[in-house]
Structures are given as structure tokens and as C-alpha cells.
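Good morning, colleagues. May I ask you to turn to the model on the screen, where I shall discuss helix packing and aromatic contacts.

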Amino acid sequence: MLRAMPTPTSRRNNAPVQPPRMPSLVPEPLICIAIALGVMGVIFLVFSFTGVFAEGDVGKTLARLFAGSLFLSGLLIFLLGFGLLADKRGDNHYYVVPTILGVVIGIVAASLFVINVGEYVLAPFALAVFALRPFRRAFGVKKAGRR
């Protein structure tokens, strides 16, 4: 029996010449910091309406501007991290742990700011190092959120 010649579309890709590369280590910490800034922005916006740390109209306006700038910078940093993921954008594995860490960092940093311990506000951002893949693997977080 004669066998038909394979067409270019029926060719299998057993040994790709250029296998897809893993994204760099940069996107996950960027996503983590972006989520933290967004959470801080939301907390400060809520507090500006409740009057926790903003006194008078000028204080409330400044608190809302600060919240908006935090949220906008978080959005831009998230888009940068999202862009650096390249072909792996659809893999939830790159979002779950950085998002959880970002929420924790944002809540702790905003709380430190609100209780007026300003010298320690940046300390929670050191937790963003745990968003890196080598640290996650060292602590046993393998493929959380994988589809």
C-alpha cells in the first residue's frame, strides 16, 4: 500500500528547535508589589471616607490623591509584570502566590501607616522575595493554581 507524503500541517513537533522559554524571575515580584500597592490604595481610599487619618477637606483630598496614585502605580506595575510573562500569561501558577503575598503585604503596610509607625512601612515589602519561584519551591509551593 502506498503511503501519502506528510503535509507540513500533519508534521509532529517531537523535538522543537526552539522550545518555549520560562519567563524570568521578575514578573512574580512585580505582580506581588502591584497587588500590595492596589490593596494599600483601596484601604487608604476607604479610610479617607471614614476620617481615620484625614482631617478636614484638604486631608481627605490628599488621602484620596495618595490612594489613587498608589492604585495607578500598582496597575502600571502589574501590566509590566503581565507583559514580562510573555507566553505564560494564561498559567495561573504565576498569579496565585504573588497575589496572596501582595494582599498580605498591602494590609500590613497600610496598617503600619495608619497606626503611625512610619519607619517600618517598607519592611513588609521584603516579603515580596517569597514570590520568586526558587523560594516558593524551597517552601514546597509547587504548582498552585495550575489549570
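Helix H1 passes H3 in a right-handed crossing; a crossing is right-handed if the near helix is turned clockwise from the far one by less than a right angle, and left-handed if anticlockwise. Helices here are DSSP runs of H or I with at least four residues, numbered from the N terminus. The model is a predicted one, in which local features need pLDDT of at least 70 and side-chain atom pairs pLDDT 80 or more, while totals for chains, interfaces and linings use all residues. Residues are numbered from 1 along each chain as its sequence is written, and side-chain values use heavy atoms, without hydrogens and water.

H1 and H3 (residues 96–114) pack at about 40°, with axes 7 Å apart; axes are lines fitted to C-alpha atoms over the stretch in contact, and angles run from 0 to 180 degrees between N-to-C directions. H1 is therefore oblique to H3, the term for angles that are not under 35 degrees (roughly parallel), over 145 (roughly antiparallel) or 65 to 115 (roughly perpendicular).

How do H1 and H2 pack? The angle between H1 (residues 27–50) and H2 (residues 56–84) is about 160°, and their axes are 7 Å apart. The two are therefore roughly antiparallel, and their crossing is left-handed.

After H1 comes glycine 51, with a positive phi near 80°.

Finally, the aromatic rings. The whole structure holds six aromatic pairs (ring centres of Phe, Tyr or Trp, its six-membered ring, within 6.5 Å). One aromatic cluster consists of Phe44, Phe66 and Phe113.

Methods: Phe/Tyr/Trp six-rings, centres within 6.5 Å; stacked < 30°, edge-to-face > 60°.
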